[in-house]
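The tour goes stop by stop.

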Amino acid sequence: MNKEINRLDCAVVEDLLPLYHDGVVNVITAEAVEEHLKECELCKKEYESISASLVGKTEKSTGDAFTLMIKKKRLKQIIITVFACVLSCAILSGVYHFLTEVNVVEIKDVQVKSVYRYNDADGEERFYVNYSSEISQSLSVERKQEGGKKVCEAILKGTVLHKEGYGSMENTLLLRAEKDTDELVFAGQTVWTEQANGDDEVPAYVYVYDFCENHSNNDEFGDSDSCSWAWSKNTFTIEHAKYGRLTWNREGKLIDGSPEAEKEILDLYK
C-alpha cells in the first residue's frame, strides 16, 4: 500500500504540500509525501519554496499585527490621558468659578451707615440704604408679613471664597418698599422700623440721589443726558448738566452749590 502511495504523481503531491506543511494530513499521507520528497528533487524544491513563503508570510503577519496592537493600545492610552486632563481642567475651572464668582453664601458682615424711607417722584415708597462692605455681593429683596407687620428684607450674597484686596467699599441702594412697610431687615440686621424711624427727617441728598439714578435722562427732570454722583468721606456730591455741582454733608446740609438748584430738584418730589 505504501508503495502505491509513494508512487503518487507529482501533481498530487504539489496539491498536498501546503496541507503537509501545516500538519493537517493523516499519518499515512504524510509518510507518502515524505517518501516522495526524498526521491523527487522538483517536489522537494517546491516544498522548500512553499515553506519559505508560508513562514515569511506568517512572521510578517504576526509582526504587523503585534505592531498594530501596540499602536492601538498606545493611542487608546493617549486618548484616555488627554480626555482625563481635559475633564480635570474643566472640573477645576468649574469649581474655581463656583467658589469665586457665584454668589451663594449669605453675607451679614456689613456696616449700615444710614437708612431713610421716602416717597419718590412717582409717589412710591422706597428705602435709601448707605452701607460699606469689603465683599462684592449680589442683592435680592423679599417682602413678607411677620407677626402682623409688613417686612422688607434685603439679602446680600457673596462667593464662597471672597475676593480680597478691594478694601471697604461704600454702596448706596434704593429699595422699593410696599406701602406702609413697618420694618426693613438688611443683611440680617433690622436697620429701620416705623416705630423708631418713621418720623426721621430725610436729607436732601436722598432725593437728589433718587433723581440722579431714576430720572436724570427724563426731560421733565432736568433735560440732562448725564448725572454722576460720588461719596467722598462724609460728603455726597452730584454733577449735573443743568443744576451744576452740589455737595452735602452726611447730615444733609448743602455745603457747596446753588440752594436754588437744590430747591428746584426737591420741588420735583412734592
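Buried means under 20% relative accessible area, exposed means over 50%, and partly exposed lies in between (1.4 Å probe, protein chains only). This is a predicted model: local features need pLDDT of at least 70, side-chain atom pairs count only at pLDDT 80 or more, and totals for chains, interfaces and linings use all residues. Residues are numbered from 1 along each chain as its sequence is written, and side-chain values use heavy atoms, with hydrogens and water left out.

Start with the salt bridges (a side-chain nitrogen of Lys or Arg within 4 Å of a carboxyl oxygen of Asp or Glu). The structure has ten. Select K144 and E146: their closest N and O atoms sit 3.3 Å apart. E146 is partly exposed at 40% relative accessible area, and K144 is partly exposed at 27%.

Next, pick R245 and E239. This salt bridge has its closest N and O atoms 2.7 Å apart. R245 is partly exposed at 45%; E239 is too, at 35%.

Now select R117, E125 and E194, which a network of salt bridges links. Between E125 and R117, the closest N and O atoms are 3.9 Å apart. E125 is buried, at 13%.

Move to the backbone. Most residues other than glycine have a negative phi. D180 has a positive phi of about 60°, in the loop between β6 (169-176) and β7 (183-186). Strands here are DSSP runs of E, at least two residues; helices are runs of H or I, at least four; both are numbered from the N terminus. D180 is partly exposed, at 47%. A187 also has a positive phi, near 55°. Is A187 buried or exposed? A187 is buried, at 1%.

Finish at helix α6 (residues 204-214), where nine of eleven residues are buried. Among them are Y205, Y207 and Y209.
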